[in-house]
Amino acid sequence: TGRRMIVYDPLGTILAVMPWNFPYWQAIRAVAPLVAAGNAAAIKPAPNVMGSALALEALFPEAGFPADLVRVLRVPEGLVGQAVAHPAVVGVTLTGSAAAGAAVGALAGAAVKKAVMELGGADAFIVLADAVLDDCCSAAETARMRVCGQACIAAKRFIVERPLYEDFARRLAERLSAHRPGDPDDAAATVGPLARLDLLENLDRQVRESLAAGARLVAGGHRLDRPGFFYAPTLLADVRPGMPAFDEELFGPVAALIAAEDADDALALANASPYGLAGSVWTADVARGVALARRLEVGMATVNAVPRSDFRLPFGGVKRSGYGRELARHGLLEFANIKTIVV
């Protein structure tokens, strides 16, 4: 009855709107699949990491690619809308905040252009009563303090069953309080500053409003009296839905501790978030952990491990954490025309 074929054609030039917090990795993981699928890329970096984007742009001609295949747009933030609407641009990929994704996604939708949005997160770190507490606390510190807490995939809400709750709070507070703030170039420093003043002020607001709503301060909770945008590593306990520390993304060194009555309650609390990027489950019963991970409303779930992006695996979120996928085969095909040919 004839032949049927599926072919994958490139779409054209894709606009890549990139963040500042992982200036090389974020751009590489967005652009490499675009180029591998036959597309060209126009990178719009965050203004404070323009140098990283230009260094990446220079690598492509050195590797033998056409000179104009990957180019950096040196334009202010206010002109991103014009870039999205430009007829040469056929799709948009963005990594950034939910607000930025909503704005750029709306522009892409208005122009009927394909978009992939990798946005913010309020990732849950679920600790069940049978978990190994030392392992959990060490991983919790790593998961929260990466890049001074300024990562979309960093754990933010620590949901702990009652039997381990107070012990977990004490141990995590000790670990957070032991951090030494300082210049990132200082080898002795273990926590650096936030990237901008507005991020610092917003984080301080979230902490103050959560405390006013009934959260309990276990460690930190204040700006540091030193040059730079430093905030003390902070642990808020007794956090509940309705508080900024639960409902919003904490983009800085602040951890929210939430008590759960049992595993089902922990899962319900984890899913009671407008975000859905990643999450983890910590338990001695791996099969039980996998069963709970399957029920987490996220794009990536791990059991007894901290979520990380991996080029071998698709990465992205649901809900206000975005749509579409980066990396792996799924990311490779996001900006391809999946064409059916029948002979």
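Which residue of E11 does Arg157 stand opposite? I looked, and Arg157 faces Ala256.

**Ground rules.** I'm working with a predicted model, where local features need pLDDT of at least 70, side-chain atom pairs count only at pLDDT 80 or more, and totals for chains, interfaces and linings use all residues. My numbering starts from 1 along each chain as its sequence is written, and side-chain values use heavy atoms, with hydrogens and water left out.

**The sheet.** I traced an open sheet of seven strands in the order E9-E10-E11-E8-E7-E13-E14, with mixed pairing. Strands here are DSSP runs (E, at least two residues), helices are runs of H or I with at least four, and both are numbered from the N terminus. I call two strands paired if DSSP finds at least two bridges between them. At the edges I found E9 (216-219) and E14 (300-303), each pairing on one side only. Neighbouring strands are turned by 20 degrees against each other on average, direction ignored; axes are lines fitted to C-alpha atoms, for helices over the stretch in contact, and angles run from 0 to 180 degrees between N-to-C directions.

**Around E8.** I checked E8 (residues 155-161) next, and seven of its seven residues are buried (under 20% relative accessible area, 1.4 Å probe, protein chains only). E8 is parallel to E7 (residues 123-127) over five bridges, and Ala124 stands opposite Arg157. E8 also pairs with E11 in the parallel sense, again over five bridges.

**Further along.** I counted three bridges between E10 (residues 234-237) and E11 (residues 254-260), which run parallel. Thr234 has Val254 as its bridge partner in E11. Helix H7 (residues 197-212) packs on the sheet, touching E9, E10 and E11 (contact is heavy atoms within 4.5 Å).

Methods. Buried means under 20% relative accessible area, exposed over 50%, partly exposed in between (1.4 Å probe, protein chains only).
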